[in-house]
Structures are given as structure tokens and as C-alpha cells.
Amino acid sequence: MRNLRKYKRKFLLGAGLITMLASAQLHAAGTLVYCAEASPETFSPQLVTSGISMDASAVPVFNRLVEFKLGTTEIEPALAKSWDISQDGLTYTFHLRDDVKWHNNKEFKPTRNLNADDVIFTFMRQKDKNHPYHNVSGGQYEYFESMGFPDLIKEIKKIDDYTVVFELNHPEAPFLADLAMSFASILSAEYADAMLKNGTPEKVDLVPVGTGPFTFVQYQKDSRILYKANPDYFGPKAQLDRLVFAITPDPAIRYAKLQKGECHAMPYPNVADIERMKSDNNIVVKEMAGVNIGYLAYNMDKPPLDKLQVRQALNMAVNKDAIIKAVFQGAAEPAKNFIPPSMWGYNDEVKDYPYDPAQAKELLKSVGLENGFTLNLWAMPVQRPYNPNARRMAEMIQADWAKIGVTAKIVSYEWGEYLSRIRNGEHDAVLMGWSGDNGDPDNFYSVLMSCDAVKAGSNYSHWCYKPFDDLLQQARVESNHEKRVELYKQAQVEMHEQAPALMIAHSMIYLPMRKEVKGYIMAPLALHNFNQVTLEK
């Protein structure tokens, strides 16, 4: 810690000195430095959907009732050691562990272990608009709301300190998998009460107290996050002494730090660098097919994007093959549906919109726009697994649309502001994407394209289409798997025909790391977990 204090002041002077700290940390015993791609928006998994915010909060600091076995979408016990489900699918009874200790910090020392009160606090904060914490930190719960949880959960009851019951209004096929997602991370009710009494309730979201394998120590905005191993963790203890997120937005700089030994691992490399990385004896490149989608959403509240022919024309004007070659360096496949081909329920019979600028012009002419129109095209400022270079992609789409008379002005902001503005619907067309959270098609469609998602702010197309939404609702309550498959296949047909978005690509994902990092397991759900990692001296 002395080294951290020594460098704290210097951090504020420039990025060059951040490298000095990272290098010093790297050579400390048991300290892993992860060159993260962006700053987290917050440290509460309830309030956000961005990957970096989940990586920085849900993964190291928190736990859930159930979790995914690392590297899979298989559900296993976590804070709940077991559970019972009623025959009608309406009652879930969770039996909690009684040995789970909360983290502490200089302002909070827990007096008890995790219990049912914490579970109830976590979900009622999101559900109950009159809850004292509902509006804290903005009160926006995109996952909870877009997945219909306010209507799904009828009641949560405490039977005793270590037994909690969820009563549902209707059966929900993916309910257990949903509870393994980051937004369902369990927060401390006692910590929340203490911060409310102190007049600083927002600290619950900014200075997190969880039960996870690492405890949060310090965040220096846009610079670094420091965690230390939790000696009281109820599960397998972290093998590292410390974990450092060195926030490094530029992928070229992340790569340079990795080469120099100033960080151990980095996400989202420039795809053009992959082969060079693989030839470096000091670097190991982990890779797998991503459960993801990179797409462009049309804001249908903004004319003329409310016209189907316009959206179809814009789709047909874009050369996706050229984008995949230039932006993804071929490490992706063209997308025609919102879910990847590896996911159950995928409808391969859907025919993609062809690349046909001439037909696109005819479609615009049919709605009186033969002279084209102007719109803004928003491009992400950060690399994501589903889009390694949004600016380059936007420039290629801009050039394609110009050929049919459509003028696109490219817009971008800092990542947190970008997300905030598109949630508020300021965009015309926006490049975004998604990495799956639980292996269920519902996680793509309900969170991002349902009518509930419009209200929650995560449906960037502002597309609420009843025939499509009805299919989603039916699929969520259906217990027969084959029937669910057919419902999602029908939903893909409806989405294709209405064209609320341009499906661009399903990409490979890569994680380059130093050879001394051992035991890292890539997750199909795109989060980064260093709990099981060791460093070889």
C-alpha cells in the first residue's frame, strides 16, 4: 500500500506515470494487472448493462443466489446452497448459506452474515418505486425492467434468516438463469441502511460492499481500480493477493503495455494485431466464438426511420462482407438474426437482406426520398467484443449510404455519456452490440428489443411491435423447450420483416495475456474472471 500512496499524486499528472505504477504492481507478489478498456459507469451491477461495469463490480466484488459454472452456461449453487421449485413453476424457495461474510470498509463494519434481508433488499430496491433506494443513483434498472421483472415477481418472502421465497405471477422459463446474471448480484441491506443514516446512500453504488472473492479498495477515475483478495470468501479463495484494473482505452497502448510486461492481460485487441501477438513467445492469445451480436439500431421515433422502406433501404445499402473483412479482419460471420447461430432457437431459414444499392434507391424513391436525407450515425468510442473498431465501421457505413443519397454525420462521446445519451433516445442510428448473459434467446430479445426494453431505455430502436412482443411473452412462460424454439424462430421472422436494426456480425473474442498467467478460463458470456488465476514466477 505504501507504493500506492507514493504514486497516487503522480497519477493525476499524466498517463505516462500510470505505467510506472502498473510496472511496480506487476512485480509485486501475487498482483495481477488487467489493462481494462474503459472506466466503469458505477460499481452497482443493478444500474448498468456495460461489460466493463460488470467486470469491475459483479465479477470480483459480488455474488448471486445461483451462478454459472465458469466457462459454461450451467447453473450451480452460490449464495443459495439449494432451491426448490413448485410444480406449477410459480414458487422458488432458496435455501441460503449461513457462512457468507460481507466485506467491510472504513465507513462500514458488518455485524452479521448475509441473510434473507439482503436478498429482499436487492430485488425490492429495483421493483418497488417507493423503496428508499429505488431512486438513488438515478433509479434506472435496465435489466430488471426490460426483462419484465416488475410484473413477474409477485412477492418475495422471508421464511427465516436463511430461507427466502420468490412468488411469481406467471411461470418464467429462464428465471433461474436470469438470477445468475450480474444485475441479480446481492447487495448488503445493512450497508444500505448505514449509508442512508449517514446521508450518503449513493456510496452503496460507488464504494461497493459485497461477498465476492475480491474486496474493493480504491478507484481513481479514468486511471485504475484496486482490489485485494477476500480472506473470508466462502468459496475457493482467490489465488492472487491483489487485482488492479489499469484503465487503458487505446488498444494499441494496451498491447504495448502487455509487450513491456506492464500488464498481464488485456481485452479487445486490434484484430490486425492478433497474428503478431500469437508469434510472441511471452504472450498467449485465448480465443473462442462469441455469443454476441454487433448491430446498428434505427431510432424509429425519428422520421424517416419510422418508415419500413427506409430501414430496408439502409440495410440493403451496407456491404457487410467488406465490413467484416476490414473491421473484423475476417474474424466474424455476417449476422442475419439477432442471436448467433450457436444459440438454440436460431432460425437459419431467414434470408438476409442482400447488398443491393440499386434496390435501396428504389425503396427510397417509393416513399418520396429519391433525393435522400440526412441523419446522425453514432459510433462507440471503445472496443467491444462485438465491434473492435466502431469508428471505422461507421465510416464504411457512411460511405455506403452516401451512394444512395443518404448523408450520415458520425457522432461519438465518452463511453458513459454515449450510453446515457442513447438511453435517452438522442440518436438517429447507433452502433451497439450485445454479449449474452445466460445462454437463453430471451436474454437478447427481451433485454434489447421488447416493449418493456423501450421503457427501460435499452431498446435503442424504440421498437414496440405487438406481434413480436407477444411471441417473446409466450416463449418466456412456455415450459416445453421445443415450443420455445419455434416461438423464437417466429420472432426472428417478425424482426427480419420489420427491420428495426441492421444485423452486422457475430464475432470471435480474444484475450491476450502474459505467459505467466495460469488457470484463466474464457467465459462464453464475455465477462472476465480472475478468481482462479495464478501467476507463475
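Mentor: Two strands pair if DSSP finds at least two bridges between them. Helices (H or I, at least four residues) and strands (E, at least two) are DSSP runs, numbered from the N terminus.

Trainee: What am I looking at here, and how are residues numbered?

Mentor: This is a predicted model: local features need pLDDT of at least 70, side-chain atom pairs pLDDT 80 or more, while totals for chains, interfaces and linings use all residues. Residues count from 1 along each chain as its sequence is written, and side-chain values use heavy atoms, leaving out hydrogens and water.

Trainee: Start with the sheet holding E4. What is its strand order?

Mentor: E4-E5-E7-E6, an open sheet of 4 strands with antiparallel pairing. E4 (80-85) and E6 (153-160) are the edge strands; each has a single partner strand, so one side of each lacks a neighbour in the sheet. The twist averages 20° from one strand to the next, with axes fitted to C-alpha atoms and angles from 0 to 180 degrees between N-to-C directions.

Trainee: Which strands does helix H4 touch?

Mentor: H4 (residues 116-127) packs on the sheet, touching E5, E6 and E7 (163-168). The direction of H4 makes about 165° with that of E6. Contact means heavy atoms within 4.5 Å.

Trainee: Other topic. What order do the strands take in the sheet with mixed pairing?

Mentor: That open sheet of 4 strands runs E1-E10-E9-E8. Its edges are E1 (31-36) and E8 (214-220), each with a single partner strand, so one side of each is left without a neighbour in the sheet. Neighbouring strands are turned by 20° against each other on average, direction ignored.

Trainee: And in which sense do E9 and E10 pair?

Mentor: Antiparallel, over 5 bridges between E9 (residues 224-229) and E10 (residues 242-247). The bridge partner of Leu 226 is Val 244 in E10.

Trainee: Now Asp 205. Is Asp 205 buried or exposed?

Mentor: Asp 205 is buried (under 20% relative accessible area), with a value of 0%. Asp 205 sits in helix H9 (residues 203-206).

Trainee: What does the side chain of Asp 205 make a polar contact with?

Mentor: The side chain of Arg 125, at 2.9 Å. A polar contact is an N or O pair within 3.5 Å, one able to donate a hydrogen and the other to accept it.

Trainee: Which other residues is Asp 205 in contact with?

Mentor: Leaving aside neighbours within four places in sequence, Asp 205 is in contact with Thr 42, Phe 43, Ser 44, Leu 47, Val 136 and Ser 137, besides Arg 125.

Note on methods. Buried means under 20% relative accessible area, exposed over 50%, partly exposed in between (1.4 Å probe, protein chains only).
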